[in-house]
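This report describes parts of one protein model, moving from its strands to its helices and then to some features of its backbone. Please read it beside the sequence and the structure shown here.

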Amino acid sequence: MVAQPNDRPGLSWLGAPIDARSLFRPELEALLGLLRGLRPGQWGETAVPGWTVHDVAVHVLGDYRARLGRREFGAFAPGETLAAFIHRANQEWVDLHRNMTPASLVDALEEAGSALARRFAHADLDAPSLGVSWAGVDPAPMWLDCAREFTEYWTHRQQIRHAAGLGTDPEPRALSVVLDTFMRALPHTLRDTAAPAGTRVEVTVPGQGGGTWTVTAGPEGWSLAEVPGARPTAATVELDTETAWRLCTRGVQPADALARARVEGDRRLAEAVCGIVSIVY
C-alpha cells in the first residue's frame, strides 16, 4: 500500500505551483455584476440544498471576512470533526445574516472582496499558509491555499448562476485555474489505492479550460510531479468540463461521473479517481 502524502517531506508531489493572485479582482466583479442583475425573486431561489442565492452570497461574505480576520469563530464542540465544525460555523453565519438586504449585502461583498483581492495580489506564493485538507497537506504553500480560495468563490458564483437560470461561466482562464487546483486532490484521493511504484493514471478534461493531469504511484505515495522512467499509463479517465468541476465539488456523485467518463485501462484505478473531492465535504 502506498503511503499517504503527508508522510513524506517536500511538496513536489503537489505538482507545479499555480498563481491565482490576479484572478480575485475579476472574479469579484463577475459576482457583483451577477448579483446586481438578479430580479428580487431570484434571491430566494435554491442555489444548493438548504441554501438560497441570498444564503450563498452571505456565505461568500463570511469567507471574505474570515480571510481578512474580521470574523469570529467559536470553539470546537466535544468530539466535533473539522468538517462538522466548518459546516456548523457556516450555517450559524448564514442564519445570523439572513435578514441582510440584497443591496447592503452587495455593498459589503464589494468592500470586503476588494480588500481581499488587494491582499492576495501581494501574497508570497512560497510561504506556508493554511492547510488544504482535501489535498492532504497542512500547512499548505500559499500558492495552493490562494488557488483553493479562488475555487471557493468561483464555485459559489456558478451555483448562483445556475439558480438564476444561467449556465456555468465558460471563461477559460478562470476555469483552467479551477480545474488545475481541483486536480491537486488526486494524490490524496488515491492515498489508499495500492499500485506498484511507477503506475501512472491520467485524467483528461478536453476543451478550453481543460487539461491533462498524470498522477504516479511511488514508494512514499502518489505524486503529480513528473517522474522519469515511469510505466505506461495504467488508466485514463476523460471527463467533460461540467462533470469534472461538479464532481470535485460533489454536484455530481462519483458513480454518475464514472458513468459519464471515457475510461481506458484499469477500471479499479478509474473508480478510485472518480472519488476525488476538492472541498471540505
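## Strand pairing

Strand 8 (residues 233-238) and strand 9 (residues 262-265) run antiparallel and are joined by 4 bridges, where strands are DSSP runs of type E with at least two residues, helices are DSSP runs of type H or I with at least four, and both are numbered from the N terminus. Two strands are taken to pair if DSSP finds at least two bridges between them.

## Basis of the model

The model is predicted, so that local features need pLDDT of at least 70 and side-chain atom pairs count only at pLDDT 80 or more, whereas totals for chains, interfaces and linings use all residues. Residues are numbered from 1 along each chain as its sequence is written, and side-chain values use heavy atoms, with hydrogens and water left out.

## Helix 8 and its surroundings

Helix 8 (residues 241-248) is mostly covered, with 6 of its 8 residues buried, where buried means under 20% relative accessible area, exposed over 50% and partly exposed in between, for a 1.4 Å probe and protein chains only. The buried residues are Thr-241, Thr-243, Ala-244, Trp-245, Leu-247 and Cys-248, and what covers them includes helix 5, helix 6 (172-182), strand 5 and helix 9. At the start of helix 8, a side-chain oxygen of Asp-240 reaches to within 3.1 Å of the backbone nitrogen of Glu-242.

## Helix 5 against helix 8

Two packed helices are described by the angle between their axes and the distance between the axes. The axes of helix 5 (residues 142-163) and helix 8 come within 11 Å and cross at roughly 115°; axes are lines fitted to C-alpha atoms, for helices over the stretch in contact, and angles run from 0 to 180 degrees between N-to-C directions. Helix 5 contributes Trp-154, Thr-155, Gln-158 and His-162 to the contact, and helix 8 contributes Glu-242, Trp-245 and Arg-246, contact meaning heavy atoms within 4.5 Å.

Trp-154 of helix 5 is also among the residues in contact with Glu-27, together with Phe-150, Tyr-153 and Arg-157, when neighbours of Glu-27 within four places in sequence are left aside. Glu-27 itself lies in helix 1 (residues 24-36) and is buried, with a relative accessible area of 6%.

## Backbone features in loops

Just after helix 8, Arg-250 takes a positive phi of about 60°, and this is a residue other than glycine. Arg-250 is placed in the loop between helix 8 and helix 9 (254-260), and is buried, with a relative accessible area of 14%.

In another loop, between strand 3 (128-129) and strand 4 (140-141), lies Pro-139. A cis peptide bond, with omega about 0°, joins Asp-138 to Pro-139.

Methods:
A polar contact is a pair of N or O atoms within 3.5 Å; within protein, one must be able to donate a hydrogen and the other to accept it, and residues adjacent in sequence count only if both atoms are side-chain atoms.
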